Amino acid sequence: MFDFTFSQIVILAIFAFAGVLHGLTGIGITLIATTALASIYPLSQALVLALLPSLIINAIVFFNGGRLGFYIKKYWLLALVSFIGSLFGTKLLFIISQNILLVSLGIVILSYVCLQWFGKSIRFANTRKNLIICGLASGIVGGATNAMSPILMMYLLSATDGQDNAKTEMIKASNFCYLVGKIAQLLVLWQAIITLPKVELNLIFWLSIISLLCLYVGFYFREKISATLFKQLILIILLILGVKVLLKGFGI
């Protein structure tokens, strides 16, 4: 059960970092986990392996703290179009070349890192039209590559601007959309999951356990340590992984 390869140990460590970051900031597990897995496995396999751990973490963060009715009522349309986009995006895994998807993932990751590193953010005005466009786009990209968060954040930055609880609302709204996106992926990829070999099911089990434990570590330290410093470390990891995925996409 504990007979892991070196690559799998590295992935477990990255999932641990991602779990802590998600506990600290409410984002990170899906983007970081998939990028790490895609640097070793084919992208379709990476999405399958990351699906259940990510779904569990997103569900816990969304349900933690209550006020579910408020967030569901306010963001149901964003979640719905994200769900529809994720269904379509996940099906792209079986249509579009893996190399194209890897290059797309690498570009999204590196763009995200650059924007975060230099403190820049792109915002879309808080209109119903932009909500639908951003929700669909983030769902499609998220379904195909698991990189839903950058596009989603561009809309939520404006949707929550000026609110006293903006940070909490962004965390809740984004994890609501991540959760329904994972459910959409699960519907499409369920057959692939149940036919996985035992060694990969074992890896998914331990990735879920590690992510869950480290999520609560992040919760505990949320008010005790600087999330900014930790996030900078994760950005360095994402930069390295993003470059590796991009090179893999180009066959280098």
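I started with the surface and found a nonpolar patch of about 490 Å², made by Ile 72, Trp 76, Leu 80, Ile 84, Ile 132 and Leu 136. Patch rules, for my own record: members have over 30% relative accessible area and no salt bridge, like charges are joined within 9 Å, and nonpolar side chains (Val, Leu, Ile, Met, Phe, Trp, Tyr) within 5 Å. A salt bridge here is a side-chain nitrogen of Lys or Arg within 4 Å of a carboxyl oxygen of Asp or Glu. Areas are Shrake-Rupley values with a 1.4 Å probe, and for residues only the protein chains shown count as cover.

This is a predicted model, where local features need pLDDT of at least 70 and side-chain atom pairs pLDDT 80 or more, while totals for chains, interfaces and linings use all residues. Residues are numbered from 1 along each chain as its sequence is written, and side-chain values use heavy atoms, without hydrogens or water.

Next I asked which helices supply the patch. Helix H4 (68–92) and helix H6 (128–145) each bring at least two residues, and H4 gives the most, with four. Helices (H or I, at least four residues) are DSSP runs numbered from the N terminus. I looked up Ile 72, which sits in H4. Ile 72 counts as partly exposed because its relative accessibility is 37% (buried is under 20%, exposed over 50%, partly exposed in between; 1.4 Å probe, protein chains only).

Then the rings. A search of the whole structure turned up six aromatic pairs. Phe 62 and Phe 176 are stacked, because their ring centres are 4.8 Å apart and their planes at 10°. (Rings of Phe, Tyr and Trp, the last by its six-membered ring, pair with centres within 6.5 Å; planes under 30 degrees apart are stacked, over 60 edge-to-face, the rest tilted.) This pair links distant parts of the chain, with Phe 62 in helix H3 (residues 43–63) and Phe 176 in helix H8 (residues 166–194), 114 residues apart. Phe 62 is buried at 2% relative accessible area, and Phe 176 is buried at 9%.

I also noted Tyr 216 and Phe 219, an edge-to-face pair because the centres are 5.3 Å apart and the planes at 90°. Both lie in helix H9 (residues 198–221), three residues apart, about one turn of the helix. Tyr 216 is partly exposed at 47%, whereas Phe 219 is buried at 18%.

Ring pairs also join Phe 62, Phe 63 and Phe 176 into a cluster.
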